Amino acid sequence: MAIKITGVGSYIPTKVTPNQAFEKSNFYNEDGSRFNADSKVIIEKFKSITGIAERRYVEDHLNNSDIGALASEKAIKDANLDPEELDYIILAQNYGDVKHGSSQSDTVPSIATRVKQKLGIKNPKSVAYDVLFGCPGWIEGMIQANAFIKSGIAKKCLVIGTETLSRVVDTNDRDSMIFSDGAGAVVLEKTEGKGGILAHESATYAYDEARYIYFDESFNKEKTDGNRYIKMLGRKIYEFALNNVPSAMQTCLEKANVDIKDVKKILIHQANEKMDEAIVKRFYKLYGMEMPEHIMPMTIETLGNSSVATVPTLYDLILKGKMENHSLSEGDVIIFASVGAGMNINAIVYQV
């Protein structure tokens, strides 16, 4: 028996926002002081660090639950599945439905419930719920679905990662340029044969790290409307990730009893190009190796950081032949890995 992904789909918004769109932005520091550097200089430095040249924003008429449903429809069709057979719909998100032009998050009913309704699923035994686990939420949802199937209480699960971060960014914060929108979904089910999820690892560091990513008012102190936006302590996150993600990936690989030389690809959360590259390099350094060429596919240059959607979207694009120099075949071993608000870390070793 294997617990494998049998269908995958993603929704990539059509609204492309290049870095140049931020040239007229006024960026502030946390203390409310203006950046001395010209916006063009800030943007150039941003590109060199994050690797982001453009990002995708959701169309005005769509909400988080809408794009989650669109990605799910593709995954269900790819799996050749009757959606009424789904035992669980597990949806990773962080900010709910935030309508265009609004600052209020709407999370009741859950985004998973809304997706179930949009998919037209009538079966009440198809249980739908949300996972709030920061950017690693989709991987955590996969871990939960795997546990349900392994225990025998479920056979088929839909696991979704969907987010519209463009609706919760502070345009006066240079970190706002990192975030984007998107959705990815997979069908996970019990199948004959070998492979699937071989091992997983999760951790939450909250003693000192809980507020490395948080919600707070604009850095522009002239804004007095009380609206709050996604914020992060970039340097602390970078150091935390480098110190903790590689060892979590190593632990997961050892649990799976897989040789590192047999790993075909590492699909890591698209957070920051330099940070991701440093994480993977340090992971291989644990084995006394250099990072192999083409081991780490990246979408961040054109899609930005869409939080929970980055990993399933990346997997979908590879399987659909849309990533140059990257492909996967049956039997290939890959690692899914992520880090984000919590601070949370997780990884899965998966055999295609």
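This report describes strands, nonpolar cores, selected residues and aromatic pairs in one predicted model.

Residues are numbered from 1 along each chain as its sequence is written. Because the model is predicted, local features need pLDDT of at least 70, side-chain atom pairs count only at pLDDT 80 or more, and totals for chains, interfaces and linings use all residues; side-chain values use heavy atoms, with hydrogens and water left out.

Helices (H or I, at least four residues) and strands (E, at least two) are DSSP runs, numbered from the N terminus. A residue is buried under 20% relative accessible area, exposed over 50% and partly exposed in between (1.4 Å probe, protein chains only). In strand β7 (residues 181-191), 10 of the 11 residues are buried, so the strand is largely enclosed by the rest of the structure. Two strands pair if DSSP finds at least two bridges between them. Strand β1 (residues 2-11) runs antiparallel to β7 and is joined to it by nine bridges. Strand β6 (residues 156-164) also pairs with β7 in the antiparallel sense, over nine bridges. Leu188 in β7 stands opposite Ile5, and Leu188 also stands opposite Cys157.

The loop between β6 and β7 holds Ser176. Ser176 is buried, with a relative accessible area of 3%. A polar atom of its side chain lies 2.7 Å from the backbone oxygen of Asp173.

## Nonpolar cores

In soluble globular proteins, nonpolar side chains tend to be buried together. A nonpolar core is a set of buried Ala, Val, Leu, Ile, Met, Phe, Trp, Tyr and Cys residues joined through side-chain atoms within 4.5 Å. The largest one here has 54 residues, and Met249, Ile266 and Ile335 have the most contacts inside it. Helix α5 (234-256) is among the elements that give two or more residues to this core, and α5 supplies its largest share, 10 residues. Contact means heavy atoms within 4.5 Å. Leaving aside neighbours within four places in sequence, the residues in contact with Ile266 include Met249, Val280, Phe283 and Ile335. A second, separate core of 36 residues includes Tyr88, Tyr315, Leu317 and Phe336.

## Arg282 in helix α6

Arg282 is placed in helix α6 and is partly exposed, with a relative accessible area of 35%. Arg282 and Asn243 are 39 residues apart in sequence, while their C-alpha atoms are 9.0 Å apart in space. Their side chains make a polar contact at 3.4 Å. A polar contact is a pair of N or O atoms within 3.5 Å; within protein, one must be able to donate a hydrogen and the other to accept it, and residues adjacent in sequence count only if both atoms are side-chain atoms.

## Aromatic pairs

Rings of Phe, Tyr and Trp (its six-membered ring) pair if their centres lie within 6.5 Å; planes under 30 degrees apart count as stacked, over 60 as edge-to-face and the rest as tilted. By this rule the count comes to 11 aromatic pairs.

| Pair | Centre to centre | Angle of planes | Type |
|---|---|---|---|
| Tyr205 and Phe240 | 5.1 Å | 80° | edge-to-face |
| Tyr212 and Phe240 | 6.4 Å | 80° | edge-to-face |

Tyr205 lies in the loop between β8 (196-204) and β9 (213-217) and Phe240 in helix α5, so this pair ties together parts that are 35 residues apart in sequence. Phe240 is buried, with a relative accessible area of 6%, whereas Tyr205 is partly exposed at 30%. Tyr212 counts as buried at 13%. Elsewhere, ring pairs link Trp138, Tyr315, Phe336 and Tyr350 into a cluster.
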